[in-house]
Amino acid sequence: MPRREILICGFGGQGVIFAGELLGRAGIRAGLETGQSASYGSEARGSACHAGVVLSSEPIGYPKVRRPDVVIAMSQAAYDRFASTVKPGGRVIFDSHLVKRGEIDDVEQIGVPAASLATRLGRKGVANVVMLTAAMEITGDVSMDALREALGEQSPEKYREMNLKAFDEGMAAAKAALE
Amino acid sequence: MKHTVETVPAPLPPDDYFMMGDEASAEGAIAAGCNFFAGYPITPSSELMVRMVHRLKETNGSFIQMEDEIGSISALIGASWAGARPMTTTSGPGLSLMMEGIGYAAMTEAPLVVVDIQRAGPSTGQATRPGSGDIFQVRFGSHSDYEIIALSPWSVQEAYDLTIDAFNLAEAYRVPTFVLADESIGHLREKVTIGETVERWHRPTAPGMPPFDTDDENGVPPMPAFGQGERLLVTGSTHDARGFRKTQDSAAHQRLVGRLVGKIRNAAEKIARYETYSLEDAEILVVAYGFSARAALEAISELRRDGVKAGLFRPLTLWPFPEAGLKLAAKSVERVFVPEMNWGQVVREVERILHRDVVPITQVDGEGMRPQSIIDGVRGRAGMNS
């Protein structure tokens, strides 16, 4: 697999960094080389924050995202800031419950109502897992088995069951979004 | 005298792990046998300290959160003289406070490891953002003449590997040793492969022999520990072979400080490490270390796709700098560039070693070095505007 760059963005508290770490961990579980970086700092709480993941079957030179193949946007502010940074021919996957999409040339945009699906599950906080799962089911950048395994590993005991439910919800949401 | 070498099973089961640079450095410390940590939390090194809290508890080591960084480095010196393998971690502002203790550690030849996760400075600067402005401070920050060793990891794997090496070098040369990482590596997550075994070097010992002088040509005296039955005097003042103060004896001073400096300078080429990439036909040489070298690797491959014959020289040891290797790498290149996340530090060392003009590429915006900064720098200054 050639180098792929995925940028996950939203506002602080949505679990953007958790999702970035999760995707990176899934990459390792899938036997890929992985680099994961994130924005850190007080400005990350409540305002736009992002995590970058680089996946490749070859050793990774530069480990940060330069020009993403995929942008996963979980808030309007993050969408406005990062959606247009995606490579021509790339994909923007956004939370259709929270984001009003714009027009971007030569980019496929797919909405997934992750926030409302998470609320229906009874836990708003798992929208990140719904979103990332749906996005990976759509792009195929990492195997879903590896993602599920990484999720089980990274989830704190008390949230594991809920996170795995969110995973299933994300899989279904991807199929619905592609129909 | 020569250190002894022990090979032990790695504390973590051999596998591929997904970790942050800070965490990998903590795991490297545990693998190297670190059993004492004293520190004061500071971004972006706190994740390392937190990992040490848990790991030292599991491995029956000692952890102390100190009142500040002056206390931290002092506690390390005491622990070192008690026979422990001590470490602390900090960032710029904390490193500044440690400087007095670094000199004391160098003078008393106390092996210890300081992991500096550099952030954008000066002063408190930008706590969560990378920089590499501490290169000269670790080498010259304490007053007068002394030598230290400093290693520069460019990946999370190397944060693990070079932290182990730092402990070993500190012990073998009885010298404070630094791991000079930065926020970009400290907070980066990558794969770390943990092998089956770890090599641990131990300080030379020779019961009854003086701890502050030696006839051995490597200049490293044996080091006893308090509690082993020897009478020990440890002082930052000029001292003789047994540690007695010699503050009016010019021969004693010259001999002591000459040996402190000589034991590292004479072994410099043995300690120094570097790697090279795409040098065979290179006309442009990029000298880069730490995270900037990751950007440089990407930059040289892009430059080559555009027909610019660029190569990379990467020092793994910044102090001592791999001088012979650099001279060899620069022998037949036309231009030399040094990209850094500071206003030009290692570039001065490269100029000194090569006796030629070297072009600094500085990116000081609180972001990790970008490949494009290096590409632009090389193209602009080499007269190759695209």
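The structure is a predicted model, in which local features need pLDDT of at least 70 and side-chain atom pairs count only at pLDDT 80 or more, while totals for chains, interfaces and linings use all residues. Residues are numbered from 1 along each chain as its sequence is written, with chains lettered from A and ligands numbered from 1 in the order in which they are written.

Chain B holds 13 helices and 17 strands; these are DSSP runs numbered from the N terminus, helices being H or I of at least four residues and strands E of at least two. The C-alpha trace of chain B spans about 70 × 45 × 40 Å along its principal axes. A compact globule of 386 residues would have a radius of gyration near 21 Å, and the 21 Å of chain B agrees (taken over C-alpha atoms, with the rule 2.2 Å times the number of residues to the power 0.38). Of the 386 residues, 54% count as buried; that label calls for 20 or more other C-beta atoms, placed from the backbone, within 10 Å of the residue's own, whereas 12 or fewer make it exposed and values in between partly exposed.

Where the chains meet, 17 residues of chain A and 15 residues of chain B take part. On the side of chain A, the largest share, six residues, comes from β2(A). Two bridges join β2(A) to strand β10 of chain B (residues 189-194), and the strands run antiparallel; DSSP must find at least two bridges for strands to pair. The partner of A:Q36 in β10(B) is B:R189.

Finally, A:M144 lies in helix α5 (residues 144-154) of chain A. This residue counts as partly exposed because it has 17 C-beta neighbours inside 10 Å. Leaving aside neighbours within four places in sequence, A:M144 is in contact with A:M136 and A:E137.

Note on methods: Two residues are in contact if their C-beta atoms, placed from the backbone, lie within 7 Å.
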